[in-house]
Amino acid sequence: MQISDDKVVQFHYVLKDDQGQQLESSKGHDPLAYLHGHDNMMPGLEKAMAGKAKGDSFSVTLAPEEAYGQRQEGLSQRIPVKHLQGAKKWAPGMVAVVNTDQGQRQVTIVKVGRFMADVDLNHPLAGQTLTFDVEVLDVRDATDEEIAHGHAHGVGGHHHH
């Protein structure tokens with residue numbers, strides 16, 4: 001079965017920067033799952049996935065526009081330190097998670113004081129050319145419910161409680 005719209009895809013990935021340094025990897029964790037054709041995945045990666053099948057492995061290098069976008073200057077914000085999630089003690093350059101109206105988002109600490117932190121709202125990987133080494137583990141038809149909700153359920157997907 002090939003990957004096309006309304007298929008649920010499970011995959012492992014290794015993400016590298018343009019120097020070939022590994023930034024993250026799903027190996028050793030649950031694979032990721034997404035519903036193809038519903039904008040759940042960065043555009044360049046979804047394009048590369050189309051037509052692949054279970055057992056396929058491939059690499060794709062994405063320009064910033066196809067991944068996390070270009071960095072935007074002036075996207076810094078001052079927020080209370082207590083809203084930062086992910087560590088007990090903060091230092092510049094660390095990545096924190098904050099809850100926003102649009103859901104959780106990763107921010108990078110620019111400067112941190114006792115009560116307030118200046119954070120950069122650009123995604124930590126914005127402006128970077130990224131390479132994904134992808135291994136397709138499974139491809140299946142999405143359920144009607146998944147299509148209605150617009151995302152994959154189950155392992156690696158969204159869980160509804």
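## Cores, strand pairs and a pocket

Q: Between which two strands is the loop that holds P64?
A: The model is predicted: local features need pLDDT of at least 70, side-chain atom pairs count only at pLDDT 80 or more, and totals for chains, interfaces and linings use all residues. Residues are numbered from 1 along each chain as its sequence is written, and side-chain values use heavy atoms, with hydrogens and water left out. Elements are DSSP runs numbered from the N terminus, with helices (H or I) of at least four residues and strands (E) of at least two. P64 lies in the loop between β4 and β5 (76–80).

Q: Does P64 count as buried or exposed?
A: Buried means under 20% relative accessible area, exposed over 50%, and partly exposed in between, using a 1.4 Å probe and protein chains only. Not counting residues up to four places away in sequence, P64 touches G69, Q70, G127, Q128 and T129, where contact means heavy atoms within 4.5 Å. The relative accessibility of P64 is 8%, so P64 counts as buried.

Q: How many helices and strands does the protein have?
A: Along the sequence the pattern reads β-β-β-α-β-β-β-β-β-β-α. The secondary structure comes to 2 helices and 9 strands.

Q: Which residues does L45 contact, leaving aside its neighbours within four places in sequence?
A: L45 is one of the residues with the most contacts inside the largest core. In general, nonpolar side chains in soluble globular proteins tend to be buried together. Leaving aside those sequence neighbours, L45 is in contact with V60, L62, F132 and V134.

Q: How many bridges join β4 to β9?
A: Two strands pair if DSSP finds at least two bridges between them. β4 and β9 run antiparallel, and L62 stands opposite L130 in β9. The number of bridges joining β4 to β9 is 6.

Q: Which residue in β9 is the bridge partner of Q10?
A: β1 and β9 run antiparallel and are joined by 10 bridges. In β9, the bridge partner of Q10 is D138.

Q: How many residues lie between β6 and β7 in their hairpin?
A: β6 (residues 95–100) and β7 (residues 103–112) run antiparallel, joined by 6 bridges. V95 stands opposite T108 in β7. The number of residues between β6 and β7 in the hairpin is 2.

Q: How do the lining residues of the largest pocket divide into nonpolar, polar and charged?
A: Of the 18 residues that line this pocket, L32, N40, M41, M42 and Y68 are the closest to its centre. β1 gives the most to the lining, with 3 residues. Ala, Val, Leu, Ile, Met, Phe, Trp, Tyr, Cys and Pro count as nonpolar, Asp, Glu, Lys and Arg as charged, and the others, Gly among them, as polar. The lining divides into 12 nonpolar, 4 polar and 2 charged.

Q: What is the volume of the largest pocket?
A: A pocket is an open set of points on a 1 Å grid over the protein atoms alone, where a 1.4 Å probe fits, with protein on both sides within 12 Å along at least five of seven lines; lining residues have an atom within 4 Å of a point. Grid points are joined across faces, edges and corners, and a volume is the space filled by probe spheres set on the points. For the largest pocket, the volume is about 580 Å³.

Notes: Core = buried A, V, L, I, M, F, W, Y, C linked by side-chain atoms within 4.5 Å.
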